[in-house]
Amino acid sequence: MKKNFILFCILFNFVTQNVSAKEYDYDVYGLNFRFMKIKFSNINNSEFKTDIESKSFLNFFYHFKGVGITQNQPRGATYNFAYEKKDKQRSTTVIFKDLTVIQNFSKPERKKKNNIVPVAKKDLENVVDPLTAIQQLIFEQSNKLNCNKKQKVFDGSNVFYLQLSQSDKDDYIINSSKLIYKKPMQKCRLTYKVVSGHEVEDEEKLNKKYVDIFYGKQNKIFFPYFLTTKSTVTLEMFLK
């Protein structure tokens, strides 16, 4: 469930009831309980930010809070993600120039693990940070839905591909009182494929991870109103 949840969190960028705004909120549910809130902001197309916080039942037993931000420069970007949970805190910063990683550090430093697929120099070329990847793959939509995209990503420890695809053009209706969009939607799927930085024994299960994304059209633009994935439990994410 942990790895699925990581992939699920990577996804969540930009959405509110006011789709013309630059700030978006999602509620995340598992077993019909809301356990997390995720908010994303796009500031003048130069800065992308996400705020993640555990809620309700989960917050009582396992508090988690995270803040991620990508600041874009003319030829690069700086990505930072900081989180706190229980008695643990960490901040990771990755600096990109011309789609290449030039700096990467964490505070405190990550412990070295055994049986890790080494990250080669070429793995850190033609690569972007997680927030930029999701913005380009998921949210750069228009009057025509485009679910044929792929991006190589580096998050500070792992290199992987995120790929968006669409297997059919069917209309889907999600019957849920939590969903604000009641019209038929189209479904795309985001999948994860390892490159390096991961533990060898995790490779098979990581490559099976996915998130189904259901798009609805409003003001001539497609927006992701509902996202879901299955692991130990089904996780569902609703646009507020």
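Gly197 is found in the loop between β10 and α4 (203–206). In this predicted model, Gly197 counts as buried, at 11% relative accessibility. Beyond residues up to four places away in sequence, Gly197 touches Ile116, Val117, Val119, Ser157 and Asn158. Gly197 and Phe160 are 37 residues apart in sequence, and their C-alpha atoms are 8.7 Å apart in space.

The protein chain has four helices and 13 strands. Of its 240 residues, 48% are buried. The chain exposes about 13,100 Å², and carbon and sulfur atoms supply 48% of that area. Contacts between residues at least 6 apart in sequence were also examined: 50% of them join residues at least 24 apart.

Helix α3 spans residues 130–139 and is mostly covered. Nine of its 10 residues are buried. These are Pro130, Leu131, Thr132, Ala133, Ile134, Gln135, Leu137, Ile138 and Phe139. The N-terminal end of α3 is capped by Asp129. A side-chain oxygen of Asp129 lies 3.0 Å from the backbone nitrogen of Leu131.

The largest nonpolar core has 54 residues. Helix α3 gives the largest share of this core, six residues. The residues with the most contacts inside the core are Ile138, Leu162, Leu164, Leu190, Ile213 and Tyr215. Ile138 belongs to helix α3. Its relative accessibility is 0%, so Ile138 counts as buried, the limit being under 20%. Ile138 and Leu164 are 26 residues apart in sequence. Their C-alpha to C-alpha distance is 7.7 Å.

Aromatic rings were considered next. A pair of aromatic rings is described by the distance of the centres and the angle of the planes. With a limit of 6.5 Å between centres, the count comes to eight aromatic pairs.

Another aromatic pair, Phe64 and Tyr83, is stacked. Its centres are 6.1 Å apart, with 15° between the planes. This pair also links distant parts of the chain, 19 residues apart. Phe64 is in strand β4 (residues 64–73), and Tyr83 is in strand β5 (residues 76–85). Phe64 is buried, with a relative accessible area of 14%. Tyr83 is buried as well, with a relative accessible area of 16%.

Tyr29 and Phe238 belong to one aromatic cluster with Tyr172, Phe214 and Phe226. Phe238 is also in contact with Ser176. Ser176 is in contact with Lys182 too, leaving aside neighbours within four places in sequence. Ser176 sits in the loop between β9 (159–165) and β10 (186–196). With a relative accessible area of 18%, Ser176 is buried.

Two charged side chains are placed over rings. Lys150 lies over the face of Tyr161, at 4.6 Å from the ring centre. Arg189 lies over the face of Tyr210, at 3.9 Å from the ring centre.

A cis peptide bond joins Lys107 and Pro108, with omega about -10°. Pro108 is located in the loop between β7 (100–107) and α3. Asp98 is not a glycine, yet its phi is positive, at about 50°. Asp98 is found in the loop between β6 (88–97) and β7. At 40% relative accessibility, Asp98 counts as partly exposed. Asn219, also a residue other than glycine, has a positive phi near 55°. Asn219 is placed in the loop between β11 (210–218) and β12 (221–230). Its relative accessibility is 58%, over the 50% limit, so Asn219 counts as exposed.

How values were computed: Residues numbered from 1 in each chain as written. Predicted model: local features only at pLDDT ≥ 70, side-chain atom pairs only at ≥ 80, totals over all residues. Heavy atoms only, no water. Phe/Tyr/Trp six-rings, centres within 6.5 Å; stacked < 30°, edge-to-face > 60°. Helix = DSSP H or I, 4+ residues; strand = E, 2+ residues; numbered from the N terminus. Buried < 20%, exposed > 50% of the residue type's maximum accessible area, 1.4 Å probe, protein only. Lys NZ or Arg CZ within 6 Å of the ring centre and 35° of its normal. Contact = heavy atoms within 4.5 Å. Areas by Shrake-Rupley, 256 points an atom, 1.4 Å probe, with all protein chains shown as cover. Polar contact = N/O pair within 3.5 Å; in protein donor to acceptor, adjacent residues only side chain to side chain. Core = buried A, V, L, I, M, F, W, Y, C linked by side-chain atoms within 4.5 Å.
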